Amino acid sequence: MNNEIGTLLTLAGYFALLSLFAIGGANAALPEMHRLAVEVMHWMSDREFADMYAIAQVTPGPNVIVVTLIGYHVAGLPGALVATLAMCGPTCICAFFIGHVWDRFKDAPSRTAIQAALVPISIGLIGASAAVIARAAAQSWLAAAVTVVTALVTFTVRVNPLWIFAGAALLGLGGWI
Amino acid sequence: MSESTQIPLQPSRIAPRPLELFIAFSLISVSGFGGVLYWSRRMMVDERKWMTAEEFNEAYALCNFLPGPNIVNFSVVFGRQAGGTVGALVALLGLLGPPFLLVTLLGLLYTYYGDIAALQRVLAGVAAAAAGLTISTGLKMAGPLFRQRPGLAHVVAIAAFVAVGILRWPIYWVLGVLIPCGIASAWWMRR
């Protein structure tokens, strides 16, 4: 019992802190989630982490729901609730209050400077997320090939990613991956 | 960020009621696969006409500026503008409620059936594709940076990528250094 509460507190504290470092959205925080869940706490394997990311990607809704899945995996329904609230709570409170003063702040030089600094960081972090997820998902050479082909196709052609997910799922089901 | 033109703040064309807010954000949420920006613009600006395109861009700039899940921030900012505290809560619930239930159900199924070999193979395929999609998202985001003259922004982006993605350093230390340095240099370059 105490152990469960301890786990929930870990989830709450961890995701609440992480949410403030998620510059550029929830996906920017993936490397840190992977570090905690796989490497530090050993809550799941590399493959399970890649699975959760895949499930979150094919579920409609904001990217942040990968946090819900991690929470569920670690501590069931309470874990899912706690992780989701912790990841959304602090920034929602920021949004609630800053939204009010934004009109005065938006043309201030300090805002321009902060944003100019944050944009490249968010780009670097998304790149880092891609590297971490690609490594976790590369269970075989063919899986790595699917990753590369998906990246090339979705980068160059305007296509609904659901079709690619469906194709990759079939390739997997057929035992090629 | 490009220069933001001064738009006089207009009242929203039609003020949504709480139930309408909840439904709108639920719809945005369930129609958006792999990101909901496109759907939120379509709902807010084109369909419901609750915001002009300029108002949407302003609100979105704010949500990009804030840390955390962008679209979640957006629901709070817009919900508050439309209906105060109740509006913010209702929009947030609409956005997060349906996917929360759906993904929890999937998590439950994964717990029970995740060891089935066929499902593992399917997920291996989808995970590989999802990783590819993330790579292309990253490349698209980096597009404007590639077109710029090499400068400090490139150093910061590459440093964040290498430190967090390759060396696997904790994000807190990395950002604790990069954010102050980035802001200081952006402030200095401005003059």
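This is a predicted model: local features need pLDDT of at least 70, side-chain atom pairs count only at pLDDT 80 or more; totals for chains, interfaces and linings use all residues.
Student: Why is B:F25 called buried?

Tutor: The relative accessible area of B:F25 is 0%. Buried means under 20%, exposed means over 50% and partly exposed is in between, using a 1.4 Å probe and protein chains only. Residues are numbered from 1 along each chain as its sequence is written, chains are lettered from A and ligands numbered from 1 in the order in which they are written, and side-chain values use heavy atoms, without hydrogens and water.

Student: How many aromatic pairs does the structure hold, and what makes A:Y14 and A:F15 a pair of their kind?

Tutor: There are 9 aromatic pairs over all chains. Rings of Phe, Tyr and Trp (its six-membered ring) pair if their centres lie within 6.5 Å; planes under 30 degrees apart are stacked, over 60 edge-to-face, and the rest tilted. The ring centres of A:Y14 and A:F15 are 5.4 Å apart and their planes stand at 80 degrees, so this pair is edge-to-face. Both A:Y14 and A:F15 are buried.

Student: And why is the pair of B:F25 and B:F78 called tilted?

Tutor: Their centres are 6.3 Å apart, so they pass the distance test, and their planes at 45 degrees are neither stacked nor edge-to-face, which leaves tilted. B:F25 sits in helix α1 (residues 18-31) of chain B and B:F78 in helix α4 of chain B, so the pair ties together parts 53 residues apart in sequence. Helices here are DSSP runs of H or I with at least four residues, strands are runs of E with at least two, and both are numbered from the N terminus. B:F78 is buried too, at 2% relative accessible area.

Student: Which residues do ring pairs link into a cluster?

Tutor: The cluster holds B:F25, B:W50, B:F56, B:Y60, B:F74 and B:F78. Contact means heavy atoms within 4.5 Å.

Student: What makes a set of residues a nonpolar core, and which have the most contacts inside the largest one?

Tutor: Members must be buried Ala, Val, Leu, Ile, Met, Phe, Trp, Tyr or Cys residues joined through side-chain atoms within 4.5 Å. The largest such core has 105 residues, and A:F15, A:M33, A:M87, B:F25, B:M44, B:V72 and B:F74 have the most contacts inside it. Helix α4(B) gives the most to this core, with 14 residues.

Student: How do you know how many disulfides there are?

Tutor: A disulfide is a pair of cysteine sulfur atoms within 2.5 Å, and the structure holds 0 of them over all chains. The sulfur of A:C88 has its closest cysteine sulfur in A:C92, 5.5 Å away, so that pair is too far for a bond. For A:C94 the closest cysteine sulfur is also in A:C92, at 9.3 Å, again too far.

Student: Are A:C88 and A:C94 buried or partly exposed?

Tutor: A:C88 has 4% relative accessible area, so it is buried. A:C94 comes to 26%, so it is partly exposed.

Student: What makes the span of helix α3 of chain B close to the expected one?

Tutor: The expected span is 1.5 Å times one less than the number of residues. Helix α3 (residues 53-65) has 13 residues and reaches 18 Å from its first C-alpha to its last, close to the expected 18 Å. Its buried residues include B:F56, B:Y60 and B:C63. Their cover includes α4 (65-105) and α5 (109-137) of chain A, together with α2 (37-47) and α4 (70-113) of chain B.

Student: Why does B:N70 count as buried?

Tutor: Its relative accessibility is 12%, so B:N70 falls under the cut-off for buried. B:N70 lies in helix α4 of chain B. Leaving aside neighbours within four places in sequence, B:N70 is in contact with A:G24, A:G25, B:Y60, B:C63 and B:N64.

Student: What share of each chain is buried?

Tutor: In chain A, 54% of the 177 residues are buried; in chain B, 47% of the 191 residues are. Chain A has 7 helices and 0 strands, and chain B has 7 helices and 0 strands.
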